[in-house]
Every structure is written in structure tokens, then in C-alpha cells.
Amino acid sequence: MYAKYADDEGVGSEVIVWPVPYEGAVSYGSGAKEGPRAIMRASLEIETWDEDYKIDIRDVARFKTLDYFEPPVSGPKYVFRKMYEFLKQHIDPKKDFLMTLGGDHSIALAPILFYKEAYKDLFLIQIDAHADLRDEFQGSNYSHGCVMARVRENKVPIIQLGIRSLCKEESIKLEQDREITTFFAKDLKEKTPQEVVEKLRTIIGSSPIYITFDVDGLDPSIVPGTGTPEPGGIEFWWIWKFWRVFFEQMKNRLVGIDVCELAPIPNQVVSESTVVKLINRIICSYFRQTQSFIK
Ligand SMILES: [Mn+2]
């Protein structure tokens with residue numbers, strides 16, 4: 001039923017898909033625990049051909065889907081621990097490319113720290129409307145509003161793209177923490193993907209990269225199905241072009257990715273379609289480089 005991301009028909013690099021249908025006390029809208037199923041379902045319907053690259057995603061990637069993670073009910077800290085344990089047992093960070101499908105943004109912490117352990121100079125690219133830098137949120141240090149604060153405690157430098165909603169505590173952190181580079185959504189609008197990539201190259205150098213893709217970073221006109229939609233987000237064709245320029249010019253190793261905060265709207269598939277198109281774009285953009293599959 002969840003065919004495309006679940007099959008093994010492709011011939012390229014293996015992408016291990018890990019569905020994590022967890023949502024804690026989501027602050028506003030709910031439904032992020034339905035994200036993985038909606039993404040799997042939409043992955044059946046979206047064209048796998050990339051006309052820009054003239055390649056099919058199956059030429060560069062083959063997907064293997066793990067069983068759906070069963071989150072403990074005792075809160076996000078325990079979800080983190082159980083996820084981390086699972087990764088330790090089943091994933092080889094030096095070899096395996098993992099794509100974790102959330103769930104709310106709290107599910108990103110375990111894979112990020114897991115890869116950080118293997119790659120000391122790991123850089124995080126965070127697509128997001130929110131800074132997620134609160135020290136504590138909804139009574140937990142591990143909730144979706146705190147992920148990036150925990151990431152920074154573990155010394156992972158962050159590049160943020162699409163930010164447009166934060167609190168005073170977070171604003172101060174952004175000013176003080178030199179290991180966080182923030183491209184606010186309103187400024188991205190004025191820049192070409194090329195200009196942003198040139199800046200990123202000087203910051204990231206040749207370090208390995210992990211991408212955490214909170215879908216609310218995109219404009220809600222293309223992803224209305226998310227818990228806390230914020231107007232003025234990243235536009236579709238901008239980010240579409242961005243991934244091409246980014247991977248062509250950076251040539252960094254991408255170790256893994258997560259996609260979170262998709263909360264599907266009943267009887268409407270625009271959000272998950274947008275998200276799957278962009279997942280496919282990232283996968284094609286990266287793996288066509290690693291396999292020298294250049295047009
Ligand atoms: Mn987030």
C-alpha cells in the first residue's frame with residue numbers, strides 16, 4: 001500500500017525510510033502523527049521523473065522502509081531515548097542514509113545527535129518557520145519548541161532558513177550564538193539561491209550535512225497542512241532551484257534528513273504533494289552528484 005518509498009526497485013543508493021508517527025502536545029493545530037502515512041501515500045502519486053535533471057528518482061535511489069516506530073506515551077524525552085536506542089542498534093551512521101518521517105519536530109533530535117556522534121564536524125541545515133530554541137516548552141526540554149536548543153548544547157552548528165516566528169528568548173540567542181546563522185524568510189525573498197549558497201559555502205566548508213526539514217518553513221499557500229502555519233514562508237520554485245545550486249556547488253556529504261510537522265488536512269492532498277516533490281528533489285539533487293549522474 002505504501003509502495004514507492006517502501007519498495008526496493010530502484011538501482012541507486014539506499015535510502016532508509018523511518019516513519020515516526022509521534023506528536024506530543026502540539027501547540028496549536030494537531031495531526032503531525034499522521035504525517036508519515038500521508039507522505040507514504042503521496043509518494044505513490046507524484047511523478048518520479050525530474051525533468052530538470054532528466055533522471056528518474058529510481059535511477060539514483062532505492063528506498064527501504066522500516067517498521068513504523070511506536071512512540072512511548074511517557075513524553076518526548078522518552079521518545080528521544082527510545083529512538084536513539086533504536087538507531088544505535090539498527091543504523092550504521094557511517095554507511096546508512098536515513099530519512100526519518102515525523103511527527104512533530106521533537107523527533108529530529110535523536111537522528112541529529114546520532115549522526116553528530118559519528119561526524120564530529122556535522123553541520124545542521126534547518127528549514128523552519130520557528131527558531132525552536134526555547135530552553136523549555138510545554139513542561140519539557142525535549143518538546144518540538146526546544147529541539148535546536150538541545151542541538152546547540154551538543155555543539156552542532158546550525159544554518160536556519162525560513163525563520164519568521166520567534167520569542168524574545170530566542171531572538172537574544174540568535175544574536176549571541178555565533179554558531180547559528182539565520183536566513184529570515186523575509187530576507188530570503190530578496191536573495192537568489194546562488195547568493196545564499198555562496199554564503200553557505202564560506203560557513204560550512206566541506207563539513208558533512210544533515211537536513212532537518214520542518215515543512216512549516218514553506219509558505220502555507222503550498223503547505224497549509226501543518227500545526228502552526230506562518231504566513232510569508234519559502235516559495236516553491238525558490239527552494240526547488242536552491243537544492244540544485246546547493247548540491248552542485250557544495251559537494252558536501254549529506255548524511256541524513258528528517259521531514260516533520262506535516263499535519264494532513266482531510267480530503268486535500270496539496271500539502272503532502274508539495275512535501276513529497278521537495279523530498280524527491282533533495283534526494284535527486286544529492287544522489288545524482290554522488291553517482292556522477294550528471295546530464
Ligand atoms: Mn520546528
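Mentor: Two strands pair if DSSP finds at least two bridges between them. The model here is predicted. In this model, strand β6 (residues 123-127) pairs with strand β7 (residues 158-163) in the parallel sense, over 4 bridges.

Trainee: Which residue of β7 is the bridge partner of I125?

Mentor: I159 is the partner of I125 in that pairing.

Trainee: How many bridges join β6 to β9?

Mentor: There are 5 bridges between β6 and strand β9 (residues 209-214), and these strands run parallel. F123 stands opposite I209 of β9.

Trainee: How should I picture the side chains along a strand?

Mentor: In a regular strand they alternate between the two faces of the sheet.

Trainee: Why is β6 described as largely enclosed by the rest of the structure?

Mentor: A residue counts as buried if 20 or more other C-beta atoms lie within 10 Å of its own. In β6, 4 of the 5 residues are buried, so the strand is largely enclosed.

Trainee: Now the helices. At what angle do α9 and α10 pack?

Mentor: Angles between 35 and 65 degrees count as oblique. Helix α9 (residues 193-204) and helix α10 (residues 236-250) pack at about 40°, with axes 9 Å apart. The two are therefore oblique to each other, and their crossing is right-handed.

Trainee: Which residues make the contact?

Mentor: From α9 come P193, Q194, V196, V197, L200, R201 and I204. From α10 come W238, K241, F242, V245, F246, Q249 and M250.

Trainee: How do the residues of this contact divide into nonpolar, polar and charged?

Mentor: The contact of α9 with α10 has 10 nonpolar, 2 polar and 2 charged residues.

Key: Residues numbered from 1 in each chain as written. Predicted model: local features only at pLDDT ≥ 70, side-chain atom pairs only at ≥ 80, totals over all residues. Axes fitted to C-alpha atoms, helices over the stretch in contact; angles between N-to-C directions. Parallel < 35°, antiparallel > 145°, perpendicular 65-115°, else oblique. Left-handed = near helix turned anticlockwise from the far one by under 90°. Contact = placed C-beta atoms within 7 Å. Nonpolar A, V, L, I, M, F, W, Y, C, P; charged D, E, K, R; others polar. Buried ≥ 20, exposed ≤ 12 C-beta atoms within 10 Å, placed from the backbone.
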